[in-house]
Every structure is written in C-alpha cells, then in structure tokens.
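Good morning, and thank you for joining this group meeting.

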Amino acid sequence: MSANSNNVSPSTSRGIRNSSGTAHDQRRGPVAAVVERSQPLGVRRETVQRTLALYREELDKLSREKKGPKTSLPTVVANIFQKHQRCLNATKRIGHVSGIQVGDRFQYRAELFIIGLHRQRSNGIDFKRGENGQNLAISIVASGCYDNDMSSPDEIVYCGQGGNPTVSSRIVDQRWTGGNLALRNSIRARNPVRVIRGFKYSKPSTTDGTKSGYVYVGLYYVKEWKQERGRYGKLVFKFTLKRIIE
C-alpha cells in the first residue's frame, strides 16, 4: 500500500477465528474467557471507516492550506476531532475494539487515537486500571523507535519505555512505572493486549511526507520479562508476548 493511495478504508482482512470465536493457547492454558468477555459491541465498522475518511479529508485540506513543514498536521487534526468529540471508542477497553479488524492498516499514528485502538498520543504502551486496582497493559505500538524483535508473527519481544535518546532527552535506566509496570502486571492477569506494528511505505505521503504506517496484528498475552543492558548503555526491560489464536 503506497502512502498516496486513494483507499481511505482500512483493510477488510480478518484475524483467524475458530467456530466458537474463542481462543486457547496450549502452552499457556485457556485464555478464551478473557477474550470472549472482551468482544466489542457498539461502534459499527462503517462508522470507523467514515471517521477515518473524514479525518484524512480534513488533513488533506489543511495540508493544501499550510505553508512550510507539515509533519505536525496529523496531530493537529486529531486535536480538532477530540475537541469536537468526534473520536470513537473513547473509553479504554481490554481486547478488540469496536469496528476494527485484525489486519486493518492506518496511515498515521494519530488515527489509532481517534478510533480508540491505542489511546496514547506518543507513548507506545497504553493501559487501564483492572478489577484488582492494578494498571494492565491494553495495547502496544511497535513503531521501530526501540529494539523490538518483530521477526515472528507468533512471538514478539517488546522493549519497555525509557533509556532511549531518540524519544527523550533524559537517558536513564528503565523503571517499573507507567506502561512498563502495566506490562508486568499483565503477565499475572493474563489479559489480552492489542499489538499494532509500524511499517514503511514504498513512497512518502503526498500530504505530509510521512514514510510509515501501522497495521493492527491482533491480540497477544504477555508471557515473561527480562532485564538487560540496552543499545545506549542503560538497563531496559524486554517483554515476550505470544499471539492468542482466535
């Protein structure tokens, strides 16, 4: 898919489901009950597609009007949508999100925010408070800023937040706070975590020059974590996530 494609709707590809619509991982034990409870109701797929189309139309309009750099425009338009309450799936949830299917692609990081797939503007880990009062990870974005291992679709190694000069001027060892702590809590909770992967377009966008996009690859559970010395000399957490077969 090129960056200047006229297709404004996400891909219609679906995840793999069994006849009951539940999931099971023999090495981990049943996770079907958690996934089944997370099946979304509410926002229709057509509404998501229409919202994305309107977002891209507004972005294209501002791009034609604006002089100079345009890299901030996707966030500007997302702010407009939020101000006028045009964002979807605003309530954070565990599991799949209404109107979005596995395999759907998105042109801009801000689109993940306005449709509710990942409700963090820049942080790669989103989380919410679980029934036990602890924060649980609900979605992660692997955009290439950290040393993630995404070579296998069934098992990924995701680096925690912190200790990276490409995203922060303060370089310190990663700590058990925020999204890092939420991912660790999710090991015990065994809750599904949405995974969104970044990819590179063959041609830059004609709207703002962006060369990357995102694809929703499905639900995973956090299996384990380890700590090691990262590329920039600081201690980092590495989380192993396994795909939930649905």
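**The interior of the protein**

The largest nonpolar core in this predicted model has 29 residues, and those with the most contacts inside it are Y55, I100, F106, I114, I115, L117 and Y216. A nonpolar core is a set of buried Ala, Val, Leu, Ile, Met, Phe, Trp, Tyr and Cys residues joined through side-chain atoms within 4.5 Å. Buried means under 20% relative accessible area, exposed over 50%, and partly exposed in between, with a 1.4 Å probe and protein chains only. At least two residues of this core come from each of α2 (45-65), α3 (73-83), α4 (109-114) and β8 (212-229). With 5 residues, α2 gives the most to this core. Apart from it lies another core, of 21 residues, including L183, V195, F237 and L241. In soluble globular proteins, nonpolar side chains tend to be buried together.

A word on conventions is in order. Residues are numbered from 1 along each chain as its sequence is written, and side-chain values use heavy atoms, with hydrogens and water left out. As the model is predicted, local features need pLDDT of at least 70 and side-chain atom pairs count only at pLDDT 80 or more, whereas totals for chains, interfaces and linings use all residues.

Let us turn to I100. Which residues is I100 in contact with, leaving aside its neighbours within four places in sequence? They are R45, V48, F106, I115, L117 and Y216, where contact means heavy atoms within 4.5 Å.

Next, consider α2. Helices (H or I, at least four residues) and strands (E, at least two) are DSSP runs, numbered from the N terminus. The 21 residues of α2 reach 31 Å from first C-alpha to last, close to the 30 Å expected at 1.5 Å a residue; the expected span is 1.5 Å times one less than the number of residues. Among the buried residues of α2 are R45, V48, L52, Y55, L59 and L62. The cover over the buried residues of α2 includes α3, β3 (105-106) and α4.

Finally, the protein as a whole. The protein contains 5 helices and 9 strands, in the order β-β-α-α-α-β-α-β-β-β-α-β-β-β along the sequence. Of its 246 residues, 47% count as buried. Among contacts with a separation of 6 or more, 65% are between residues 24 or more positions apart.
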